[in-house]
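The points are grouped by topic and may be read alongside the structure.

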Amino acid sequence: MTRSRKQTGRVVFVGAGPGDPGLLTARAADALAAADLVLHDADVPAPLADAVREAHPELELAVAAGEPAEAAKAAVAAAKTGAVVVRLVAGDPFTTDAVVKETLAVTRTSVPFDVVPGVAVGTAVPAYAGVAIGAGSVQADLRGEDAPDPAALAAAATGTGSPLVLQVAADQLAGVAAGLVEGGLSGSTPVLVTVEGTGTAQRSVAAKLAQVAEKDAGVESLSGPVVVTVGSVVDKRGKLGWWESRPLFGWRVLVPRTKEQAGDMSERLRAYGAVPVEVPTIAVEPPRSPAQMDRAVKGLVTGRYGWIVFTSTNAVRAVREKFTELGLDARAFAGVKVACVGEQTAQAVREFGIVPELVPSGDQSSEGLLVDFPPYDDVFDPIDRVLLPRADIATETLTAGLKDRGWEVDDVTAYRTVRAAPPAAAVREAIKGGGFDAVCFTSSSTVRNLVGIAGKPHARTVVSVIGPATAASATEFGLRVDVQPETAAVGPLVDALAAFAEARRAEAEGAAE
């Protein structure tokens, strides 16, 4: 018999890309999923680090501090305990001298290492800024001690006619620009300075090289790492700009939903360039007594109901959870017709493996559903009872309307909605002080609860609502409704907000002309 050897971990150098979490490679995502510890550079953008935390809440993240040798020592020490250590670095690992030195330090130990290349900052950020740099650009990182001389870079660019793409600290801008002019580049050479590249907070400032050198380019207030693109290629960005020209680019949009519910909306807002800020206004909890729901679900199985009516995705979720608890599946709906108040709810039902028989053709609301709901017919409807699982605070409109059509209704509390805790003071001030460009309300309760825990949105904030009932609640609280989609669903709501922003921008440009 031989004594088992202690397992040795490894260090994986992973390129985080330029900042947009969506630009992480599949290999990088796999490495993060397998990691025990992530040591990341301080300049890895916060949205990316936050996305890693959200995807892997059990993962330990820490900043890799100190010189390359110190960072390597910390990573190796953790790996020798058997851990898989991801060294997450901005951009592409082997394009940064400090990371190369750190990797060499790891090679002097017995710990194995891997390298996962990332999307390079010097190509991705100009692309997001609408600049096609071509294949022959001269790229350099001027932030390290061994950084090349700007004058030498200028000479190289002048000799080949190639654009320059430089990574610098914002406080270096004037000195670097002056060095490029001294190296032979004309002071009239176009320059584009981009901060927070590839993110929804990206900002690009166009100027001439001499203006940057003389601190007269409007970039003096920038801070942190920036990407500087130098050359005539900058002049074409008016036609190639695709990211900063998105309808909601830079808009801070308040999303008053629970984190579990906000995912689709926030993702769609980001696709339009917005910065979604999620503020939970309600928490969904089970009913105080489960007996009523237990009887209702068992009634579905025994054929007590002719219809079940879902008025929200929360109601669908509550029924699915009760099915799981009782060991049931979608087969329990056999013989029962399903109605949904709107497309969003209908999609949740379809994900359960069921195609609803009825979704309103007009307004996607309780009133719209009643318009299309058939009256009870004792010839064609062998069962006259409807199951209505809903929130504890729902209105009686639907129940009364169904009874008027001859149906017996089992109105069952499927879940309770309770008001969430107030958001942080800074968020409350932003809501009341106009710090948000828009707010997206998806139900009457989100309107009531947001006003209750944080106050009314400022008059300059664009108010978008999902449907007529939500619009009525917003109006009741004195809010001006600016956007309401034809279809009451999250996707159309965000699309309508983007169309509103585009129309407003076109109107402003027309007025300026």
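Predicted model: local features only at pLDDT ≥ 70, side-chain atom pairs only at ≥ 80, totals over all residues.

In strand β17, Arg-416 is the bridge partner of Glu-285. The strands concerned belong to an open sheet of five strands, ordered β13-β17-β16-β14-β15, with mixed pairing.

**The five-stranded sheet**

- The edge strands of this sheet are β13 and β15 (337-340), each of which pairs on one side only.
- From one strand to the next, the twist averages 25°.
- Strands β13 (residues 282-285) and β17 (residues 408-419) run antiparallel and are joined by four bridges; Ile-282 stands opposite Arg-419 in β17.
- On the pairing of β17 with β16 (residues 385-391), the sense is parallel and there are seven bridges. Here Pro-389 stands opposite Val-412 in β17.
- In a regular strand, side chains alternate between the two faces of the sheet.
- Helix α17 lies across β13 and β17, and runs at about 25° to β17.

- Thr-281 is located in the loop between β12 (275-278) and β13.
- Its relative accessibility is 0%, and Thr-281 therefore counts as buried, the cut-off for that class being under 20%.
- Neighbours within four places in sequence left aside, Thr-281 is in contact with Pro-256, Val-418, Arg-419, Ala-420, Thr-446, Asn-449, Leu-450 and Ile-453.
- Among these contacts, Arg-419 is also the residue of β17 that stands opposite Ile-282.

**The four-stranded sheet**

- A further open sheet has four strands in the order β12-β11-β18-β19, and its pairing is parallel.
- Its edge strands, β12 and β19 (462-465), each pair on one side only.
- Direction ignored, neighbouring strands of this sheet are turned by 25° against each other on average.
- Four bridges link β11 (residues 252-255) with β12 in the parallel sense, and the bridge partner of Leu-254 in β12 is Val-277.
- Helix α19 (residues 490-512) lies across β11, β18 (438-441) and β19, running at about 150° to β19.

**The second largest pocket**

- The space in the second largest pocket amounts to about 1000 Å³.
- Its lining comprises 40 residues, and those nearest the centre are Thr-311, Ser-312, Thr-442, Ser-443 and Ser-444.
- The elements giving two or more residues to this lining are the helices α12 (313-325), α13 (343-350), α14 (366-372), α15 (397-404), α17 (444-454) and α18 (468-476), together with strands β16 and β17.
- Helix α17 gives the most, with four residues.
- By class, the lining has 14 nonpolar, 22 polar and four charged residues.

- Which residues of helix α7 (residues 173-182) are buried? They are Leu-173, Ala-174, Val-176, Ala-177, Gly-179 and Leu-180.
- An α-helix has 3.6 residues a turn, so residues three or four places apart point the same way.
- The cover over the buried residues of α7 includes the helices α6 (150-160) and α8 (209-213) and the strands β7 (164-169), β8 (190-195) and β10 (225-230).
- Just after α7, Gly-184 takes a positive phi of about 120°.

Terms used:
Residues numbered from 1 in each chain as written. Heavy atoms only, no water. Buried < 20%, exposed > 50% of the residue type's maximum accessible area, 1.4 Å probe, protein only. Contact = heavy atoms within 4.5 Å. Pairing = 2+ DSSP bridges. 1 Å grid on protein atoms, 1.4 Å probe; cavity = no way out; pocket = protein on both sides within 12 Å on 5 of 7 lines; lining within 4 Å. Points joined across faces, edges and corners; volume = space filled by probe spheres on them. Nonpolar A, V, L, I, M, F, W, Y, C, P; charged D, E, K, R; others polar. Axes fitted to C-alpha atoms, helices over the stretch in contact; angles between N-to-C directions.
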